[in-house]
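Please read the following walk through the model with the structure open beside the text.

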Amino acid sequence: MNALELDGVRKDYGTVPAVSTLDLNLGEGEILALVGPSGCGKSTLLRLIAGLEEPDAGTVRIGGDVVAGDGVWRPPERRDVGIVFQDHALFPHLTVAENVAFGLTGLSGARRRERVAEALAMIAMSHLADRYPHELSGGEQQRVALTRALAPRPELLLLDEPFSNLDRHLRTQVRADTLELLRKTGTPAVFVTHDQAEALAVGDRVAVMRAGRIEQLGAPEPVFHTPTNRFVATFMGDADFLPATLAGDTLVTEAGSVQAPEDVVGRVDALEVMVRPHEVVLRPADDGTDGAARVIDTEFQGGFILHTVRLDSGRQLRSLQPHTTHYPIGTRLHAELSYGHPPAVLPNHDAAATNGHHREPARPR
Ligand code: ADP
Ligand code: MG
């Protein structure tokens, strides 16, 4: 049984389709990272799941039970769902222990105290039980918010950009603690973030959302390495694109040839490959021969130097090099594709633009 099932869920605000007829399943104990640019509908989707918004169409099922749609409406307090928001929203006049106890209704005083102690111990916060929120750091406050959401042992946890207000170092730590706690308790979760690196790091699967729709849903590796369109490609990381022509089962580009994925062989439409900066090898031009690429920009990034090179065609590629390799601007060299996996092959963007629209790829035979 799925922990969560959305079936054709839609929500409009006036003429804005915040969530457009969306299907989504979440397995038992699964952590789904929901990522997308600001305004794409991530929070609306969480609010629909939590029962803070009512869908215009479709059904929401939690643990197999319909909670919205089909004429059913279960309010948030009867959905067995925990929520953690960006602004932790602790009650300022209650201590840590009282905050955590807040959602534990229907238990005796003794059982409640026991459950609070257990929940705080799980995240190493027992020593802070009697503090008030203003006596805690941001990271501690967010840990309390998480503990409060998990203490009632919800069937599902929703996290809406929970660590956006924490600085980078703290965020990494609290995120690791959160994941550990979710795994330990086996709680399935939808984790919303606008940070692609965070999505790749936390999700068993990643859903990339744009304008109310899920553009791609899958394990982190395929979403990163083989995005199905330019939006996902550029949102999930730095990406350049090179026109590619098929010669048998080989894709030929200006920066070398690569093995074509099986499902691409035989296509007759104009193609391009996605190239991420770590997939471009730079090789100095041999004595006397000019390389086909020229360095036009370099950017120091600490452990790495990002080189931008211009190819003969005028197209540009970025290449990430270890900090020990620095080719000055103006250097002529060879730039070559080096994938550790089948490349992402997309319909050629410029060809599609010339035609005025995107077409389904033509298939032979
Ligand atoms: P995200 O969380 O991805 O940034 P939201 O779900 O908050 O996006 O918003 C999606 C779209 O719906 C945006 O265009 C936003 O302006 C709109 N929207 C969100 N909440 C409301 C609301 N209560 N009333 C009207 N429009 C809203
Ligand atoms: Mg939001």
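Is Phe102 buried, partly exposed or exposed? With a relative accessible area of 47%, Phe102 is partly exposed, where buried means under 20% relative accessible area, exposed over 50% and partly exposed in between, for a 1.4 Å probe and protein chains only. This is a predicted model, in which local features need pLDDT of at least 70 and side-chain atom pairs count only at pLDDT 80 or more, while totals for chains, interfaces and linings use all residues. Residues are numbered from 1 along each chain as its sequence is written, chains are lettered from A and ligands numbered from 1 in the order in which they are written, and side-chain values use heavy atoms, with hydrogens and water left out.

The whole structure holds 3 aromatic pairs, a pair being rings of Phe, Tyr or Trp (its six-membered ring) with centres within 6.5 Å, called stacked if the planes are under 30 degrees apart, edge-to-face if over 60 and tilted otherwise. One of them is the tilted pair of Phe91 and Phe102, with 4.5 Å centre to centre and 50° between the planes. Because Phe91 lies in the loop between β7 and α2 (96-101) and Phe102 in the loop between α2 and α3, this pair ties together parts that are 11 residues apart in sequence; helices (H or I, at least four residues) and strands (E, at least two) are DSSP runs numbered from the N terminus. Another is the stacked pair of Phe231 and Phe235, at 5.7 Å centre to centre and 15° between the planes. These two residues are 4 residues apart in helix α8 (residues 230-235), so about one helical turn separates them, and Phe231 counts as buried at 16% relative accessibility.

Both Phe231 and Phe235 are touched by Val208, whose contacts also include Val35, Ile214 and Met236, contact meaning heavy atoms within 4.5 Å and residues up to four places away in sequence not being counted. Val208 is also among the residues with the most contacts inside the largest nonpolar core, which has 43 residues; such a core is a set of buried Ala, Val, Leu, Ile, Met, Phe, Trp, Tyr and Cys residues joined through side-chain atoms within 4.5 Å. Helix α4 (residues 138-150) supplies the largest share of this core, 5 residues. A second, separate core of 26 residues includes Leu4, Leu48, Val81 and Val190.

At the level of the whole protein, an automatic or database domain assignment gives domain 1 (4-225) and domain 2 (240-354), whose C-alpha centres lie 40 Å apart.
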